[in-house]
Amino acid sequence: MAIDHAAFVNITLRQPEPSISQLLAQLAPPREFTEARLANYVPHAEYPSQQHALDRARVFLGASGAKKLFRRETPPPGVYLDGGFGVGKTHLLAGIWHEFRGAKAFGSFIAYTSLIGAIGFAGAVEALGKFQLLCIDEFELDDPGDTMMMSRLLNELAPKGVRFAATSNTPPNALGEGRFAAADFQREILGISNQFEMVRIDGEDHRHRPVTLEPVSTSQFELEAWLQSRVNTQTGIVDFGALLKHLSTIHPSRYGFLLEGLGALAIESVHQLDDQVDALRLVAFIDRAYEAQVAIRATGHPLTDVFAPKYLSGGYRKKYLRAVSRIGALTSA
């Protein structure tokens, strides 16, 4: 049974040219947090900091559901939710976004830096200055250049009355190392750090995701059977080498448009990456696939083992570890 490639979407044929308004329209919570609200965040009694974080999120939002003790407080200009993996930070952040009344944007750290790269710093300040709230998920502190750029952006937007809510970026298998990044965050965003309330959240990973992932490769027969079951669905197919080449021709801010309308993606002939530029592009692509909850199956080298060991211990290890975790989730979906 050979794969009829014509029956599926070849994403390398897509050449997205989104407008600024289309790029801004992407700044919304990922599909899995469509229903996230402060009201359906369930704090665990054994971790009082989770209830505290919920209360502080309500204060920040000015929500009527906040405890009576806080109702007359002036909401802080910014809030930073700082904690380990899987304690509900993104749920709280998405809940703030959904319940905020006003112009708002929600994106990962990399989504905002990609936007700056696509339309320029001045263009980003102008475009984002029209929002009243920016939610920044997984604020990254391991790339000095990007961190400085985001710090500058926040400092430019704060005087315009823009408020900020952010979370930290601890990967699933950090095992407590560098788990709480509030001090680093305050140091790196000099100028407006005093406008952020730091809220620490303790707890265990409520999704119980594995600390390590066993490398699993899909055989050609398994891929063919999987694709056969998806013939009448919007499914993409791409050769790994062709994907990497195509990503090199497209700005990362447009990667999400390559996956538009797709529920699944087959990647053929994966090989381990030894070029960091390709590796970082793939990280950005996986982030977009994860946000869209696109199921992935891949042949060749195990996709969860696609990054060379030297990268998993280098300066961008948090990016790669997050990507590996997300690949594991998408390839088992």
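Let's begin with helix 13, which covers residues 317-331: its 15 residues reach 21 Å from the first C-alpha to the last, close to the 21 Å expected at 1.5 Å a residue. Keep in mind as you look around that this is a predicted model.

How many of the 15 residues of helix 13 are buried? The count is 11, so helix 13 is largely enclosed by the rest of the structure. If you want to find these buried residues on screen, look for K319, Y320, L321, R322, A323, V324, S325, R326, I327, G328 and L330. And what covers them? The cover includes helix 11 (276-291), strand 9 (295-300) and helix 12 (309-312).

Now for the backbone elsewhere. E138 is not a glycine, yet its phi is positive, at about 60 degrees. You will find E138 in the loop between strand 4 (133-137) and helix 6 (144-157). S269 is not a glycine either, and its phi is also positive, at about 60 degrees. The place to look for S269 is strand 8, residues 264-270.

Is E138 buried or exposed? E138 counts as buried because its relative accessible area of 13% is under the 20% cut-off. S269, with a relative accessible area of 44%, is partly exposed, because that value lies between the 20% and 50% cut-offs.

Here are the two residues side by side:

| Residue | Phi | Relative accessible area |
|---|---|---|
| E138 | about 60 degrees | 13%, buried |
| S269 | about 60 degrees | 44%, partly exposed |

Technical notes
Residues are numbered from 1 along each chain as its sequence is written. This is a predicted model: local features need pLDDT of at least 70, side-chain atom pairs count only at pLDDT 80 or more; totals for chains, interfaces and linings use all residues. Side-chain values use heavy atoms; hydrogens and water are left out. Helices (H or I, at least four residues) and strands (E, at least two) are DSSP runs, numbered from the N terminus. The expected span of a helix is 1.5 Å times one less than its number of residues. Buried means under 20% relative accessible area, exposed over 50%, partly exposed in between (1.4 Å probe, protein chains only). Contact means heavy atoms within 4.5 Å.
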